[in-house]
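Here are some notes to read alongside the model.

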Amino acid sequence: MLALEGVSVRFGGLLALSNISFSVEKGEILGLVGPNGAGKTTLFNSISGLVRARGRISVGGQDITGLPLHRRAKAGIGRTFQIPQPMHHLTVRENLTVAQVFGAGRNDPARINEILEVMQLSHKADADAASALALQELKRLEIAKALATEPRLLLLDEVLAGLESNAKRSFMLKLKELHALFGLTIVIVEHDIETISNLCTRAVVLNFGQLIADGTPAEVFNNPAVVESYTGAAHA
Ligand SMILES: Nc1ncnc2c1ncn2[C@@H]1O[C@H](COP(=O)(O)OP(=O)(O)OP(=O)(O)O)[C@@H](O)[C@H]1O
C-alpha cells in the first residue's frame with residue numbers, strides 16, 4: 001500500500017530524514033516510533049505532501065513523490081495532526097464537508113452522517129462551532145476529518161496523547177473498529193509501548209532521522225539500539 005524508497009529530508013544543515021526505506025502492506029496497522037525529534041512527523045509531512053522529500057514515495061503502486069498536497073489526498077492519503085487543526089469557526093459537520101470536498105472531490109452527506117455516528121459526534125454536528133469542543137471531542141473530530149477525505153491510507157499522529165487510561169483504551173477500540181469498517185491501512189505515531197503492542201503487528205523505529213529497527217513490537221522494544229535511543233545512552 002505504501003512504499004518509501006530512500007526518502008531524505010534536509011532542513012538547512014539538519015538531515016531530518018536520512019535515506020528511509022520501508023513498506024506497509026494493505027490492511028496493516030504499523031506503529032511509527034522514536035524519541036522526540038526523531039523525524040516521525042517529518043515523515044508524515046513527506047508522505048502527505050507538506051514537506052518536499054528526496055527519494056520515492058508510492059501509494060497503492062502510484063508514484064506520488066512529485067504530487068501536490070490535494071492530489072495526494074485524492075490518491076487516498078488521509079492524516080491527522082498532533083495538535084488538532086479544525087476550522088474553529090465552522091460546525092463539526094461543516095468541517096467534515098470541507099475535508100470531504102478537499103480529499104474526495106465530492107459532497108456525500110450520507111457518508112458524513114456515517115462518520116459522525118461512528119466517531120460519536122452526531123449530537124455535536126450542527127450545534128456549535130468546533131471551537132466549543134472538549135479535548136476528546138476535538139481528537140475525535142480530527143480523526144473524523146481525516147476519514148471524510150476517504151483515505152485508503154490513514155496517518156495518525158499521536159492521536160492518543162494526553163488521554164487518561166480509560167479514554168485511551170476506548171480510543172484504541174475505536175481505531176480497531178475504523179480499521180475494519182473502512183478497510184484502512186494505518187500508520188500510527190505513538191510513544192506508549194502498550195498502545196503500540198495492542199494495536200500493531202509491526203513497528204518501525206526512527207532515531208535522529210534514521211531507521212534503526214523494523215519488526216514486531218516485542219522485537220523492536222527489546223532491541224538494544226531502540227532502548228538506547230530512548231535512554232540517550234548511545235549519544236550521552
Ligand atoms: N520546518 C522545519 N524546519 C526546520 N527544522 C525542522 C522543521 N520541522 C522539523 N524540524 C526538525 O526536524 C527534526 C525532526 O522533527 P520531527 O517533528 O519530525 O520529529 P518527531 O519525531 O515528530 O518529534 P516529536 O515526537 O517531538 O513530535 C527535529 O530536529 C526538528 O526540530
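Helices (H or I, at least four residues) and strands (E, at least two) are DSSP runs, numbered from the N terminus. Residue numbers start from 1 along each chain as its sequence is written. Please keep in mind that this is a predicted model, where local features need pLDDT of at least 70, side-chain atom pairs count only at pLDDT 80 or more, and totals for chains, interfaces and linings use all residues.

1. **Strand β2 and Ser-18.** Ser-18 is found in strand β2. Is Ser-18 buried or partly exposed? A residue is buried if 20 or more other C-beta atoms lie within 10 Å of its own, exposed if 12 or fewer, and partly exposed in between, with C-beta atoms placed from the backbone. Because 16 other C-beta atoms lie within 10 Å of it, Ser-18 is partly exposed. Leaving out residues up to four places away in sequence, Ser-18 touches Ser-8, Gly-209 and Gln-210; contact here means that the C-beta atoms of two residues, placed from the backbone, lie within 7 Å. Ser-8 is 10 residues from Ser-18 along the chain, and their C-alpha atoms are separated by 4.7 Å.

2. **The whole chain.** The protein chain has 9 helices and 10 strands. A compact globule of 236 residues would have a radius of gyration near 18 Å, and the protein chain agrees, at 18 Å. That radius is taken over C-alpha atoms, and the globule rule is 2.2 Å times the number of residues to the power 0.38. The C-alpha trace spans about 50 × 40 × 30 Å along its principal axes. Buried residues make up 42% of the 236 residues. Of the contacts with a separation of 6 or more, 65% are between residues 24 or more positions apart.

3. **The ligand shell.** Which residues surround the ligand? They are Phe-11, Leu-14, Ala-16, Gly-34, Asn-36, Gly-37, Ala-38, Gly-39, Lys-40, Thr-41 and Thr-42, where a residue is near a molecule or strand if its C-beta atom, placed from the backbone, lies within 6 Å of it. Two or more residues of the shell come from each of β2 (14-24) and α1 (40-48), and α1 gives the largest share, 3 residues. By class, the shell has 4 nonpolar, 6 polar and 1 charged residues. In this scheme Ala, Val, Leu, Ile, Met, Phe, Trp, Tyr, Cys and Pro count as nonpolar, Asp, Glu, Lys and Arg as charged, and the others, Gly among them, as polar.

4. **Helix α1.** This helix is largely enclosed by the rest of the structure, because 8 of its 9 residues are buried. Among the buried residues of α1 are Lys-40 and Thr-42, and both also belong to the shell around the ligand. Gly-49 follows α1 and has a positive phi, near 100 degrees.

5. **Helix α3.** The 13 residues of α3 (residues 92-104) should span 18 Å at 1.5 Å a residue, and the end C-alpha atoms are 18 Å apart, which agrees; the expected span is 1.5 Å times one less than the number of residues. The buried residues of α3 are Val-92, Arg-93, Asn-95, Leu-96, Ala-99, Gln-100 and Gly-103. Seen down the axis, they fall within an arc of 155 degrees, so they line one face of the helix; the arc is that of the directions from the helix axis to the C-beta atoms. These residues pack against α2 (69-74), β6 (77-79), α4 (109-118) and α5 (135-148).

6. **Helix α4.** Ile-112, Ile-115 and Leu-116 are buried in α4. They cover an arc of only 100 degrees around the axis, which puts them on the same side of α4. An α-helix has 3.6 residues a turn, so residues three or four places apart point the same way. The cover over the buried residues of α4 includes α3 and α5, while exposed Ala-110 and Glu-117 sit on the face turned away from the buried side.

7. **Two phi values to check.** Most residues other than glycine have a negative phi. Gln-120, in the loop between α4 and α5, has a positive phi near 55 degrees. Gln-120 is partly exposed, with 14 other C-beta atoms within 10 Å. Glu-150 also has a positive phi, of about 60 degrees, and lies in the loop between α5 and β7 (153-157). Glu-150 counts as buried, with 20 C-beta neighbours inside 10 Å.
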